[in-house]
Amino acid sequence: MKFIRNRHIEKLVRKWDEGTATAAEELEIDEWYDNEPNHPIYLHEDFAESEDDLGFRMYTRIKRDIRRLEPMRARRWLIATGAALALLALSIGMYYYRVQEVISTAAVSHDIAPGGDYATLILSDGSRIVLDEVEDGKLAEQAGIDVSKTADGQLVYRLSAGKASAGEAKVSFHTIETPKGGQYQVVLPDGTRVWLNASTSFRYPLSFATSSRREVGLQYGEAYFEVSEDTAHPFVVHSDRQQTQVVGTHFNINAYPDEETIKTTLLSGAVKVTDLLSEQDVLLRPGQQSIVGREGMRVQTLDDTNIILWKDGKFVFDKEPMSAVMRQVARWYKVRVVYQDAVQDVRLSGSVSRFENISTLLEKLEQTGLVRFKRQDDLLTVMKPFP
């Protein structure tokens, strides 16, 4: 069958992707989709580098727009997502996808996108704010502190206008929680920046003004800290059986309840890590990592490659058992993991992007020759590689 190119629609789709399409032009794209479901369109090869890149770009764009669409139209776009990916053909030899063929393939694979900026803020009075569901700007004012959400996905605490100092007789605390597939950034009242990984709970005071130490709690999960220097007020992180004390430094703490150890990695400055159970403590230097577990505390030195952290957009594995690797995958992609074969102790080293769709991530893991996968919706089965 011969198809006639619709260059006008191709132009409108590019404008839609760039966020410059008018309401009338978006309506025209809607009508084209309703009336011409079997006609592909073509885009220049620079539109995306691969099929996965194309799918991720379209997914991100649709998710960003979906909140401002009226409910009926929003449902249409959600239903049309698979078809939209089919209709936007990537070309280096000008090939095209038939809508029926791509939709039937999508029905089998149901690819899963990576996580994003999702979190819930719990105020001192117990009320909850789902941060990805509220507009940017000021969210609350408590204890003389303004709490704001920025456009680039950060929660920022600043002294309210006209206030000389902050603090109440009774210190107020906030908690921010990220779900599976979520991450978030927080700027504390002292300027300390905190990045929270998926499935994390972080508790902190609205003001450090009334205390000699800046104390916060990583109740569970993983967080990266860039601590604002204040020699008079040490910064202390409480996490399960561990206490970490610093003045001004960059470090990461991994303290998930389903992990056997707590790992603290230092990038710059110095931190004192104390194991509250064994009462051991150690002063870490840049490039070192403390590991607190059943046997007490030990310290290892990392090479430069392993200093790359999750906040840099990478999964990094250093002779990591497959069971630990898959726990990271499960948290970020919101999947359930089961094992058909005994591969939990297979060790993996290397790094891979956290912002690939899950199919691309699994393909790269399979290329190691150590493991293979079978996926049905959100259930991921881990198996031995083919002989």
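This briefing walks through the cores, cavities, salt bridges and one tyrosine of the structure above. The model is predicted, so local features need pLDDT of at least 70 and side-chain atom pairs count only at pLDDT 80 or more, while totals for chains, interfaces and linings use all residues. Residues are numbered from 1 along each chain as its sequence is written, and side-chain values use heavy atoms, with hydrogens and water left out.

**Nonpolar cores**

- In soluble globular proteins, nonpolar side chains tend to be buried together.
- A nonpolar core here is a set of buried Ala, Val, Leu, Ile, Met, Phe, Trp, Tyr and Cys residues joined through side-chain atoms within 4.5 Å.
- "Buried" means under 20% relative accessible area, "exposed" means over 50%, and "partly exposed" is in between (1.4 Å probe, protein chains only).
- The largest core has 40 residues, and Leu155, Ile176, Tyr204 and Phe225 touch the most other members.
- Strand β13 (residues 214-226) gives the most to this core, with 4 residues.
- Helices (H or I, at least four residues) and strands (E, at least two) are DSSP runs, numbered from the N terminus.
- There's also a second, separate core of 23 residues, and Phe317, Val329, Ala330 and Leu361 are among them.
- Back to leucine 155: beyond its neighbours within four places in sequence, its contacts include Leu121, Ile176, Val187 and Tyr204.
- Contact just means heavy atoms within 4.5 Å.

**Cavities**

- On a 1 Å grid over the protein atoms alone, a cavity is a set of points where a 1.4 Å probe fits but cannot get out, and lining residues have an atom within 4 Å of a point.
- Helix α6 (residues 322-333) gives the most to the lining of the largest cavity, with 3 residues.
- The residues lining the largest cavity include Asn197, Glu222, Tyr256, Trp332 and Arg354.
- By class, this lining has 4 nonpolar, 3 polar and 3 charged residues.
- For those classes, Ala, Val, Leu, Ile, Met, Phe, Trp, Tyr, Cys and Pro count as nonpolar, Asp, Glu, Lys and Arg as charged, and the others, Gly among them, as polar.

**Salt bridges**

- A salt bridge is a side-chain nitrogen of Lys or Arg within 4 Å of a carboxyl oxygen of Asp or Glu, and the count comes to 15.
- Aspartate 111 and arginine 375 pair up at 4.0 Å, N to O.
- That pair links distant parts of the chain, 264 residues apart: aspartate 111 is in the loop between α5 (99-109) and β3 (116-117), and arginine 375 is in strand β25 (residues 372-376).
- Aspartate 111 is partly exposed at 33% relative accessibility, whereas arginine 375 counts as buried at 18%.
- Glutamate 177 and arginine 128 meet at 3.5 Å, N to O.
- Glutamate 177 is partly exposed at 24%, but arginine 128 counts as exposed at 52%.
- Arginine 213 bridges to glutamate 215, with the closest N and O atoms 3.2 Å apart.

**Tyrosine 220**

- Tyrosine 220 sits in strand β13 and is partly exposed, with a relative accessible area of 33%.
- Glutamate 177 is 43 residues away from tyrosine 220 in sequence and 9.6 Å away in space, C-alpha to C-alpha.
- Not counting residues up to four places away in sequence, tyrosine 220 touches Glu177, Ser199, Thr200, Ser201, Ala255 and Pro257.

Definitions and conventions
1 Å grid on protein atoms, 1.4 Å probe; cavity = no way out; pocket = protein on both sides within 12 Å on 5 of 7 lines; lining within 4 Å.
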